[in-house]
Amino acid sequence: MDQGIRYIASPGRYEAGMTYRRCGRSGIQLSSISLGLWQNFGDITPYSRSRDIILHAFDRGIVSFDLANNYGPPYGAAEETMGRVLRNDLRPYRDELFISTKAGFDMWPGPYGNWGSRKYLISSLDRSLQRMGLEYVDIFYHHRFDPHTPVEETLQALIDIVRQGKALYAGISRWPLDQLKKAALYMKDRDVPCLLLQDRLSLIDRHNIKEGQLDFIRQAGIGFIGFSALGEGVLTDRYLNGIPEGSRAARGSHLTADKITPELVSRIRQLDKIARQRGQTLAQMSTSWVLAHPATTSVITGCSSIGQLDDTIGAVHNTVFDPEELQAIDRALGYSEVS
Ligand SMILES: NC(=O)c1ccc[n+]([C@@H]2O[C@H](COP(=O)([O-])OP(=O)(O)OC[C@H]3O[C@@H](n4cnc5c(N)ncnc54)[C@H](OP(=O)(O)O)[C@@H]3O)[C@@H](O)[C@H]2O)c1
């Protein structure tokens, strides 16, 4: 049994400056900023720090929390952390929370612990619910497109999960445009519409715009929830003066130090200058840029401290860019040179 001071949510949490956006053509609104638990919420982070960040997020008006079966490390640990916080602190607020989980990457050994089969998706969600101590999640996503499983099998599993009441909504993550179109149609025809596409979008990764996913979901009435808007920390001031101890690049945790090249740092410095001219930090400008896209419902942000989270939340106050700013950003990134 966890001991400690009982948490009471801030009474002013919905007047704390957060904005809320409607998710496509649906009844759901999400906080413009969602908290992602991919890294920094597993066993290598002290539980008290993870708990403080999650509760602070809620006090700042964040209602959307993004998880997956394999977030940690080790796999499953982030869901266990979330489960502990739910059990001890957030249980009275369950109806104010929009909690997601996903399956699609390797989770357990053998042929049924990966990709997109019905067997994997359904058993994985059951385990996720156990770890979080929940009867249902608000949205369950297929985590990545599986080229070997018939899309109908994956999509039917998502639909059946919703019909069984184990998830209130279903979504997909990292699906290419042609398959996304199939998914939208298949799910709509069965009255379990795809609520959200979850995918990467940032100043330095605009593939969803170029390939047409964002245009498509807008007209299809599907919401968009973007991840890695900060380029895992690259699009902030984190690496402007070297690689700090404990940072993601120092740990080599997906982002590796060799990616922080002098050329990249010099471009980031120019972006930092533009952000300051806008009256923002670089983390805020990077987040605002994703929020500025008309398809965007929410940006899932990762963080390792409350200070980082508070900084990023400030992005919601200025999501308008004038054409000169957009051109300056593209020039800083060298896009105008290649296009
Ligand atoms: N569907 C998918 O396949 C998928 C894939 C990736 C992510 N996601 C979701 O998206 C979430 C966010 O992804 P992400 O963590 O890669 O992206 P991110 O938000 O681009 O990067 C987060 C990292 O940036 C640094 N940071 C955050 N705020 C900062 C600030 N204000 N100033 C300076 N540095 C700051 C921190 O690095 P340090 O840790 O070094 O402090 C933090 O861990 C994940 O937690 C997950 O929920 C989904």
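Predicted model: local features only at pLDDT ≥ 70, side-chain atom pairs only at ≥ 80, totals over all residues.
**Helix pairs**

| Helix pair | Angle | Axis distance |
|---|---|---|
| α1 (residues 47-59) and α2 (residues 77-90) | about 60 degrees | 10 Å |
| α3 and α4 (residues 151-163) | about 30 degrees | 8 Å |
| α9 (residues 262-277) and α12 (residues 323-332) | roughly 165 degrees | within 9 Å |

The angle between α1 and α2 is about 60 degrees. Angles under 35 degrees count as roughly parallel, over 145 as roughly antiparallel, 65 to 115 as roughly perpendicular and the rest as oblique. The pair α1 and α2 is therefore classed as oblique. In this pair, α1 passes α2 in a right-handed crossing. On the α1 side the contact is formed by Y47, S50, R51, I54, L55 and F58, and on the α2 side by T81, R84, V85, D89 and L90. Sorted by class, this contact holds 6 nonpolar, 2 polar and 3 charged residues.

Helices α3 and α4 pack at about 30 degrees, and they are therefore roughly parallel to each other. The crossing of α3 past α4 is right-handed. Helix α3 brings R118, L121, I122 and L125 to the contact, while α4 brings E153, T154, Q156, A157 and I161. The classes here are 5 nonpolar, 2 polar and 2 charged.

The axes of α9 and α12 cross at roughly 165 degrees, so the two helices are roughly antiparallel. Again the description of the crossing is right-handed, with α9 passing α12. R267, Q270, L271 and I274 of α9 meet E325, A328, I329 and A332 of α12. This contact divides into 5 nonpolar, 1 polar and 2 charged residues.

**Backbone geometry in loops**

Most residues other than glycine have a negative phi, and most peptide bonds are trans. The following sites depart from that pattern.

Two cis peptide bonds involve prolines of one loop. G72 and P73 are joined by a cis peptide bond with omega of about 0 degrees. P73 sits in the loop between β4 (64-66) and α2. The bond from P73 to P74 is cis as well, with omega near -10 degrees. P74 is also found in the loop between β4 and α2.

Two residues have a positive phi without being glycine. W115 has a phi of about 70 degrees and lies in the loop between β5 (98-103) and α3 (118-132). W115 is buried, because 22 other C-beta atoms lie within 10 Å. For R174, phi is near 60 degrees. R174 belongs to the loop between β7 (167-173) and α5 (177-189). Because R174 has 20 C-beta neighbours inside 10 Å, R174 counts as buried; the class requires 20 or more.

**M285**

M285 is part of helix α10 (residues 282-291). Is M285 buried or exposed? With 25 C-beta neighbours inside 10 Å, M285 counts as buried. Leaving out residues up to four places away in sequence, M285 touches I274, A275, R278 and Q280. One of these, I274, also takes part in the contact of α9 with α12. Relative to V85, M285 is 200 residues away in sequence, and the C-alpha to C-alpha separation is 31 Å. V85 itself belongs to the α2 side of the contact with α1.

**Ligand shell**

How many residues surround the ligand? There are 31, and the closest are G36, W38, F227, L230 and G302. Among the elements of the fold, β10 (296-301) and α11 (306-313) each supply at least two residues of this shell. The element that gives the most is α11, with 3 residues. By class, the shell consists of 8 nonpolar, 16 polar and 7 charged residues.

Methods
Residues numbered from 1 in each chain as written. Axes fitted to C-alpha atoms, helices over the stretch in contact; angles between N-to-C directions. Helix = DSSP H or I, 4+ residues; strand = E, 2+ residues; numbered from the N terminus. Left-handed = near helix turned anticlockwise from the far one by under 90°. Contact = placed C-beta atoms within 7 Å. Nonpolar A, V, L, I, M, F, W, Y, C, P; charged D, E, K, R; others polar. Buried ≥ 20, exposed ≤ 12 C-beta atoms within 10 Å, placed from the backbone. Near = placed C-beta within 6 Å.
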